[in-house]
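Thanks for coming, everyone. Let me put the structure up and walk you through it.

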Amino acid sequence: MTGNYKTWPMILLLGIITVPLVLMYVYLFVDTVTNSAPGSLVPNEITGEHWRFLWQTLPGRPSIWTATFNTFLFATVTTLIVLSVSSTAGYALSRLNVPFRAFFLAGVMVLHAFPTVTLIIAIFLILQFLGMYNTLIGVILVKASLELPFGIWIMKGFYDTVPWEIEMAGIQDGASRFTVWHKLVLPQVMPAISALGIFSFLAGWSEFILPLVLAPDNKVQVLSVYLAALIADDNNFDMALFKSVGVFYVLPVIVLFLFFQKRLMSIYGGGTKG
Amino acid sequence: MNGSKSLGLMLLTPAIVFVLLFFVAPVILTAVFALTNMSTATGITGGAYQVTQSSLRKLAESYGQAELANTLAETRYTVNEEGLEAIAADGADARLVAEMRAKLGGRSFEKRRDLESAIKTLNSRPRNTRALKALSDTFHRSIVNERFESADAMLRATTNLGVALSADQKSALADATYTGWVWTTQNFTRMIALPDTQRTLINTFIYVFATLAIFNTGFALVLSIATHYMPARPAGIFRAIWLLPRISPPVLYVLLWKWLAWDTGFLSNFLANFGVAPRNWLLDNPTNAWIFIVLINGFVGASMGMLIFSSAIKAIPGSLFHASEVDGASRWQQIRYIILPQLRWPILFITCYQSLSLLTSFEYILLATEGGPGGATEVWALKTYLTALNNYAGNLEYGYGAALALVLVVVGVVLSLAYLKVFDFKTMVRPPRIEQ
Amino acid sequence: MRILLKNFGKSFGAVNVIENLNLEIHDGEMLALLGPSGCGKSTTLFAVCGIHKVTAGQILFGDRDVTHVPSQQRNVGVVFQNYALYPHLSIAENIGFPLKIRKESAAEIKRKVHEMADLVQIGALLDRRPAELSGGQQQRVALARALIRRPDVLLLDEPLANLDAKLRLEMRSEIRRIQQETGITAILVTHDQVEAMSMCDRIAIMKQGQIVQIAAPMEMYDNPVSDFVAGFLGNPPIAFVDGALTGSVFESSGIRIELPSAAQRNGGPVKLGIRPENFQPEFPQKVSGEVTFVESQGRETLYDVRLDDGQILRSIQGHAVRAGVGERVSWGISPDNILIFDEKGARL
Ligand SMILES: Nc1ncnc2c1ncn2[C@@H]1O[C@H](COP(=O)(O)OP(=O)(O)OP(=O)(O)O)[C@@H](O)[C@H]1O
Ligand SMILES: [Mg+2]
């Protein structure tokens with residue numbers, strides 16, 4: 001950005017292209033608390049009726065709170081698994097003399113780029129065999145596994161930036177490799193761990209296909225499947241209700257995004273799927 | 001001390017277990033399942049043997065055993081030991097039993113009337129017709145709709161019917177009546193033969209190339225260059241807005257587009273002011289459906305390129321920009337000669353990476369059009385999903401679906417190996433500096 | 001604690017970095033490992049502290065063979081070039097870390113940390129984080145951390161490289177003081193000859209994985225075994241003049257010098273090493289040339305004099321400038337202090 005060119009043409013150009021996107025998101029929020037006359041785009045009354053799903057269970061659906069709880073459980077446990085497994089494996093690959101290290105590294109790298117959805121049929125059948133179909137734990141394990149290569153990759157990259165001398169100093173001070181990792185190195189990569197944690201949580205919170213295929217049952221339903229089923233139900237078309245559920249669903253995401261925008265941008269820019 | 005080695009393995013073990021269970025095993029199993037005809041009908045564990053109308057039809061058509069099929073389809077009356085014991089247990093006259101065993105034992109009758117007339121010729125025949133009827137019913141034998149746990153059990157039952165089978169017929173019958181899954185290469189011949197496949201392939205290419213070219217690289221470039229020429233604040237706001245589609249859960253994000261496109265939605269309402277009749281823009285015709293599919297995916301895809309290109313532009317030394325401005329370069333020349341050359345590698349990276357993920361993603365299409373209208377937007381990955389896992393269709397064809405998925409898996413493996421080549425793998429595997 | 005490296009060798013895969021190196025460091029001595037970049041100083045140091053595995057030979061601490069003993073059990077304190085302080089721990093925690101690993105009591109740790117902090121004079125900084133310290137202070141913390149568990153050996157890998165000139169001077173004497181106070185055996189890795197000469201009891205000069213000479217600093221300065229050693233010590237550096245030695249007369253196309261007694265040779269090519277302080281106006285053996293470069297260093301002035309055949313001699317003299325660039329001078333060489341090397345660089 002330099003002072004020699006006018007900036008307003010750029011802002012104008014991008015502004016025009018961005019209008020539809022802004023409109024969609026603005027109306028998402030506006031429509032949940034207002035009504036407008038048919039055919040009109042301007043709201044004419046404020047109402048709370050679209051939020052009725054919070055206190056009354058919609059016919060044929062699980063309670064929104066069950067779904068919320070399931071989603072939270074799903075996202076949190078997935079995140080915990082991803083964090084613990086990738087922070088250990090990432091360290092081993094970055095710093096330790098593991099046998100077949102090059103092979104593992106290549107493996108992680110390939111898997112990191114590998115499109116996981118293509119495996120879903122086999123995974124579906126595996127869960128059937130294991131008797132974990134329609135359970136939260138099954139879909140959690142699957143989601144965590146599929147996120148792992150990315151997590152390990154990111155963590156390995158962050159461990160690589162920790163100066164070797166810190167580890168050497170730790171060893172000279174008499175600490176075992178495990179202590180060095182856990183007391184000296186892990187604290188250095190805390191920012192990475194929190195970024196990966198937020199990322200995994202959001203990924204879990206938003207996940208749709210896996211729960212849809214692997215745990216569609218009402219008892220274990222997550223919000224994404226809940227909302228999709230609501231929208232797909234042709235008998236009860238109510239856009240304002242869909243949007244209200246949608247806002248309820250997206251709110252934690254937006255909050256996390258606003259708070260951790262910088263960290264998320266660094267990790268989204270770091271070569272994620274998409 | 002080999003502390004580092006064993007600690008390393010220990011720290012890696014959980015990751016290895018997860019990867020084996022949910023990456024390696026699925027890849028292998030996809031290949032295995034692709035060679036079966038597994039479906040909801042066959043189940044995923046073993047099957048049973050059952051003579052049904054359809055298996056008899058199969059026996060006649062696929063195995064050329066029309067005669068056998070007809071024989072089996074008929075209801076038969078066979079006097080055998082089993083039946084004789086049954087009537088004895090029911091309290092039939094011992095003389096009658098003995099006489100039947102002697103005179104009719106082993107004989108089969110096509111109709112009950114035939115058996116009844118045969119019994120009537122006996123000396124110790126039952127007096128009244130009702131008893132006669134009950135008696136002959138006991139000898140009623142048919143295996144239609146009966147389930148057998150093994151082929152042997154079924155063949156024994158067939159023999160009991162009084163139908164003698166040749167070895168050929170036995171194996172044909174066993175094959176035709178097996179309800180479980182079997183090994184087959186038919187999935188692949190079917191994939192190649194179906195005109196549908198070609199259509200899907202074309203759709204997939206349209207989808208990947210249009211999205212990739214227009215948004216994931218093209219528009220991402222526009223975004224990153226435009227924000228580069230802006231003050232920090234508006235640039236940050238634009239980047240945050242364009243990141244929204246990516247962080248929004250797909251279900252919600254597609255809902256927003258539906259609101260925009262549906263016949264009571266924003267677009268219809270808005271265009272009504274200009275006399276355009278309201279309609280569902282998302283599904284009314286293939287062209288519009290495609291436009292929306294590309295937009296929906298593109299708005300999500302643009303943000304990754306935007307972030308990567310932006311940081312690449314940020315890495316260009318400021319002095320380069322200043323120098324070129326002093327030299328009197330126009331903005332367009334600056335973009336052309338300074339920015340774009342620096343973005344060659346990032347663009348290659350984005351293209352490689354996102355073509356792979358676009359090729360295999362179907363989430364947004366599933367949510368938006370489900371492949372419609374009339375399969376116009378059905379891409380390979382979506383077809384795979386719909387074949388094997390969509391519940392409306394009734395019969396889920398796991399085998400055929402796995403064969404379709406296998407194509408993607410192979411493409412995925414090849415492309416991600418290529419991805420490995422693009423990267424500087426040597427520096428990645430530099431040996432650890434602490435040698436314990 | 002005496003340290004002994006016996007036939008020590010180290011290779012990285014196919015790359016042989018050090019072969020058959022023998023080195024003894026006496027108890028309580030501070031030895032400098034001096035040499036150009038890439039000669040294997042750090043590699044030797046890493047082998048002594050156990051970060052690298054030795055590929056050949058033995059390492060002994062006293063009589064204990066530590067060749068295959070892991071770092072953690074060698075009891076070696078190391079100060080790294082970039083100090084390697086733990087950024088997330090306070091200074092007190094940094095210094096106390098080795099004791100915490102040994103599970104000493106909190107009170108004991110606190111007492112020793114304070115004692116150590118007083119020794120390196122950073123008592124007031126204990127609650128800060130490393131990032132809030134200056135380079136010199138970080139250096140002291142690193143030293144304190146290395147010393148707190150009373151190691152048998154202290155290793156310093158270019159400890160002063162990251163400091164500015166003034167601090168470097170200060171820390172030089174500081175490290176020496178602490179080493180002498182604690183009486184610890186120390187190895188100092190450096191490629192700064194001034195550092196090596198001013199801080200250490202002996203210097204070992206390394207070149208391409210070999211030790212060329214071990215000696216006390218002044219002994220080495222006066223009696224280098226080769227032109228490499230002579231060139232490495234001394235600032236401004238020694239000047240070399242090529243020529244031939246006939247009897248006791250050195251001759252090249254530019255100069256002719258009577259050498260006192262030294263080695264005699266008939267017509268063989270040799271190389272004379274003449275230190276700047278031995279090329280002065282008042283010395284007897286006059287040679288003449290043209291001043292090509294004058295650099296005033298404040299207290300002293302450095303001159304480059306080009307002889308008639310193009311070879312350069314250097315002279316360092318007192319404050320007053322005696323000649324300007326382009327001027328012809330005829331200054332003398334002190335024949336007693338001339339170093340004579342054969343054509344391969346070995347001292348005659
Ligand atoms: N891990 C390694 N693999 C291969 N070669 C190495 C490795 N580490 C060091 N070397 C090589 O060994 C030689 C000695 O390296 P070392 O680090 O000991 O040099 P040094 O004397 O400490 O130099 P400096 O003064 O620059 O620190 C160098 O040529 C270096 O390239
Ligand atoms: Mg070094």
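A definition before I count anything: helices here are DSSP runs of H or I with at least four residues, strands are runs of E with at least two, and both are numbered from the N terminus. On that basis chain A has twelve helices and two strands. Keep in mind that this is a predicted model.

Now look at helix α1 of chain A, residues 8-33. A:Leu12 sits in that helix. Together with A:Trp8 and A:Ile16, A:Leu12 makes a nonpolar surface patch of about 370 Å².

Next, charges. Side chains of opposite charge can pair when their charged atoms come close. How many salt bridges does the structure hold over all chains? The count is 32. One to look at is in chain A: A:Arg95 with A:Glu167, where the closest N and O atoms are 2.4 Å apart. This pair links distant parts of the chain. A:Arg95 belongs to helix α2, residues 64-95, and A:Glu167 to helix α6, residues 164-172. The two residues are 72 apart in the chain.

Chain B, briefly. It divides into domain 1, residues 49-177, and domain 2, residues 189-435. The C-alpha centres of these two domains of chain B lie 65 Å apart.

Over to chain C and ligand 1. Which residues surround the ligand? Among them are C:Phe12, C:Val17, the run from C:Ser37 through C:Gly38, C:Cys39, C:Gly40, C:Lys41 and C:Ser42 to C:Thr43, and also C:His191. C:Glu158 is in the shell as well. By class, that shell has three nonpolar, six polar and two charged residues. Helix α1 of chain C, residues 41-49, gives the most to it, with three residues.

Now the polar contacts. The side chain of C:Ser37 has an N or O atom 2.4 Å from an oxygen of ligand 1. C:Gly40 comes in through its backbone: a polar atom there is 3.0 Å from a ligand oxygen. C:Glu158 has a polar side-chain atom 3.3 Å from an oxygen of ligand 1. How much of the ligand does the protein bury? Taken alone, ligand 1 exposes 630 Å², and the protein buries 60% of that.

That's my tour. Questions, please.

Terms used: Residues are numbered from 1 along each chain as its sequence is written. Chains are lettered from A and ligands numbered from 1 in the order in which they are written. This is a predicted model: local features need pLDDT of at least 70, side-chain atom pairs count only at pLDDT 80 or more; totals for chains, interfaces and linings use all residues. Side-chain values use heavy atoms; hydrogens and water are left out. Patches are made of residues with over 30% relative accessible area and no salt bridge: like charges are joined within 9 Å, nonpolar side chains (Val, Leu, Ile, Met, Phe, Trp, Tyr) within 5 Å. Accessible areas come from the Shrake-Rupley method with a 1.4 Å probe; for residues, only the protein chains shown count as cover. A salt bridge is a side-chain nitrogen of Lys or Arg within 4 Å of a carboxyl oxygen of Asp or Glu. A residue is near a molecule or strand if one of its heavy atoms lies within 4 Å of it. A polar contact is a pair of N or O atoms within 3.5 Å; within protein, one must be able to donate a hydrogen and the other to accept it, and residues adjacent in sequence count only if both atoms are side-chain atoms. Ala, Val, Leu, Ile, Met, Phe, Trp, Tyr, Cys and Pro count as nonpolar, Asp, Glu, Lys and Arg as charged, and the others, Gly among them, as polar. Domain bounds come from an automatic or database domain assignment.
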